Amino acid sequence: MRPESIPFALLFALALAGCASGGGTRSSGVVDAPSRADPDDPRTKIAKDNTDLGLAYLTQGKLEISLEKLHKALAADPRHVDAHTVIAVLYERIGDRTKAEQHYRRAVQLRPKSGNENNNYGWFLCNALGRHDESAAYFEKAVADPFYQTPVVALTNAGSCAIKAGRFDVAERDLRLALERDPDQATALLGMASVLYGKNDFFKARAFIQRYEANGQASAESLLLGRNIELRLGNGTAAVDYTRRLREQFPDSEQARALDNPGSS
């Protein structure tokens, strides 16, 4: 399954917080490590201002200018956590996973207990590098942060990565914890349907697909999964309806192409 795009969620959080990382301030619901001993140090302001600009240019797709501003930010203050995070997102976007990991990891080193930084690095390890087991520890640290405002995201990501690793029991545990906090969390609902389908519990899997769709959700992934669930339950009419919707709504998706593969069900 495909979890939420955490880097973009993070970018919005940084934008709302103004990328603040001065001594002891709270940004995106976590306690920031001080960038420098003196929060009034002009180098800290240079780093913050250039990080703000780098983020703005990144969201506009002006990647070269964004990279230039972020390099200026880190030259002024190598401990500026938000600059490390935004430049990691940029490097990930352009496919330089080595540099992206360096900066995600450095952000965690600077804020070792921060929910945001641990979640971001954990998701990168899982989604970009396929290091599913390694990512779990970072999601645990993210959830443990009492100032982290969106622990449901880390729990959902943990469950999603456990699915990728084939650890369905762990995935079910984490996704249920996410749904206890937010019963309408779409990614967690779809994840639970996927887990229960993988465990051959098709009736319960159907219930989670129905909850997912009741929230106004429809995706190529959910339609293919819904179709496969109904086939397992022997409900050919419902399966045909899912197939029709998938072909009509997402004709170019890999899920639609999978319909022509006898192994897709």
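Visitor: What does the protein chain average in pLDDT, and how do I read that?
Guide: pLDDT is the predictor's confidence in each residue, from 0 to 100. Here the protein chain averages 87, and 84% of the residues score at least 70. Over residues 1–37 the pLDDT is below 50, yet this stretch has 108 contacts in the model beyond near neighbours in sequence; contact means heavy atoms within 4.5 Å. This is a predicted model, in which local features need pLDDT of at least 70 and side-chain atom pairs count only at pLDDT 80 or more, while totals for chains, interfaces and linings use all residues. Residues are numbered from 1 along each chain as its sequence is written, and side-chain values use heavy atoms, with hydrogens and water left out.

Visitor: Which residues touch the most other members of the largest nonpolar core?
Guide: A nonpolar core is a set of buried Ala, Val, Leu, Ile, Met, Phe, Trp, Tyr and Cys residues joined through side-chain atoms within 4.5 Å. Buried means under 20% relative accessible area, exposed over 50%, and partly exposed in between (1.4 Å probe, protein chains only). The largest core has 41 residues, and F208, I209, L225, I229 and L246 touch the most other members. Helix 10 (residues 186–198) gives the largest share, nine residues; helices are DSSP runs of H or I, at least four residues, numbered from the N terminus. A second, separate core has 22 residues, including L70, L74, I87 and Y91.

Visitor: How many aromatic pairs are there?
Guide: A pair of aromatic rings is described by the distance of the centres and the angle of the planes. Rings of Phe, Tyr and Trp (its six-membered ring) pair if their centres lie within 6.5 Å; planes under 30 degrees apart count as stacked, over 60 as edge-to-face and the rest as tilted. This structure holds three such pairs. One of them joins Y121 and Y138 edge-to-face, at 4.8 Å centre to centre and 70° between the planes. Y121 lies in helix 6 (residues 115–128) and Y138 in helix 7 (residues 132–144), so the pair ties together parts 17 residues apart in sequence.

Visitor: And where do R131 and E101 lie, the two that meet in a salt bridge?
Guide: A salt bridge is a side-chain nitrogen of Lys or Arg within 4 Å of a carboxyl oxygen of Asp or Glu. For R131 and E101 the N to O distance is 3.1 Å. R131 is in the loop between helix 6 and helix 7, and E101 is in helix 5 (residues 97–110), 30 residues apart. R131 is partly exposed at 28%, whereas E101 is buried at 13%.
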